[in-house]
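Hi everyone, thanks for making time for this. I'd like to walk you through one structure, so please have a look at it while I talk.

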Amino acid sequence: MTVRAGEIVGICGVSGSGKSTLLRLIADRETPTAGRMERGFERLGMVFQEPHLLPWLTAKDNVALVRRNGTEESRSAAADALTSVGLGHALDQYPAQLSGGMRQRVGIARALAAEPDLLLMDEPFSSLDYFTSMDLLELVRQRVLERHITVIFVSHDVRELVRLCDRVVVMGGSPGHLIDELPNPFPHGEREQHPGALARFEDKVLTAIRQG
């Protein structure tokens, strides 16, 4: 599988097919036992299923951790990143003072503050309600397109995949392998204009997942 610069690639499949393992391999947290991994990126960002914020730090200080922590430059960059995700009013609030959706926005801001050229997202919206997840999905889409960031997005939610991703890669298990690679029939900006065709693409992805 090859991921092109600036592409948003979705990864889905049955449980145990190796989706999160694939992300760990890309992030160099695991070593492949066969084959090889070529990494062409310089800076990596990651958004987790849970934001993993340090409870004793404010939102701004949590984001500043990915910069040179403690410098005025890092705090200014953190404030800018939080403002870009709609949290300019919550810079000095602690995680316990934030809703689940706001905490996940902090996690997204932290990943963006690292100025990545590759962003890995491991089911980042699975714990959120539908409307919050769709709002954050659109936020991520806007930010990564603005900055031409390459994204690899793991999700069980086919609605998220077809709305965000340029291509959906379907994995099967026992052992983990690629079943199919499905290009999105519509570019960004046109997907919501074709709800019927988008629903058919969802069905196509679901059919491929069931084969796994």
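Let me start with a definition: when I say accessible area, I mean the Shrake-Rupley method with a 1.4 Å probe. On that basis the accessible surface of the protein comes to about 10600 Å², and carbon and sulfur atoms account for 49% of that surface. Please keep in mind that this is a predicted model.

Now the overall build. You can find seven helices and six strands here, and reading along the sequence gives β-α-β-α-α-α-β-α-β-α-β-β-α. The C-alpha trace spans about 50 × 45 × 30 Å along its principal axes. For 212 residues, a compact globule would have a radius of gyration near 17 Å, and the protein agrees because its own value is 17 Å. Of the 212 residues, 49% count as buried. Taking contacts between residues at least 6 apart in sequence, 69% join residues at least 24 apart.

Let's move to charges. The protein carries 24 positive and 28 negative side chains, and the centres of those two sets lie 1 Å apart. How many salt bridges does the structure hold? There are 15 of them.

Here are a few, including D28 with R39, where the closest N and O atoms are 3.5 Å apart. Both residues sit in the loop between α1 (19-26) and β2 (44-47), 11 residues apart. D28 counts as exposed because its relative accessibility is 54%, while R39, at 33%, is partly exposed.

Next, R4 and E7 meet at 2.9 Å, N to O. E7 is buried, with a relative accessible area of 5%.

E42 and R43 also form a salt bridge, at 3.7 Å. E42 is exposed at 68%, and R43 is partly exposed at 38%. As for the network, salt bridges that share partners join R4, E7, R167 and E181.

Leaving out residues up to four places away in sequence, E123 touches Q49, V154, S155 and H156.

My last stop is L98, in the loop between α3 (72-84) and α4 (100-113). Is L98 buried or exposed? L98 counts as buried, because its relative accessibility is 5%. Beyond its neighbours within four places in sequence, L98 is in contact with A59, A90, Q93, R103 and V106.

Thanks, and I'm happy to take questions.

How values were computed: Residues numbered from 1 in each chain as written. Predicted model: local features only at pLDDT ≥ 70, side-chain atom pairs only at ≥ 80, totals over all residues. Heavy atoms only, no water. Helix = DSSP H or I, 4+ residues; strand = E, 2+ residues; numbered from the N terminus. Buried < 20%, exposed > 50% of the residue type's maximum accessible area, 1.4 Å probe, protein only. Contact = heavy atoms within 4.5 Å. Rg over C-alpha atoms; globule rule 2.2 N^0.38 Å. Lys, Arg positive; Asp, Glu negative; His and termini not counted. Charge placed at Lys NZ, Arg CZ, Asp CG, Glu CD. Salt bridge = Lys/Arg side-chain N within 4 Å of Asp/Glu carboxyl O.
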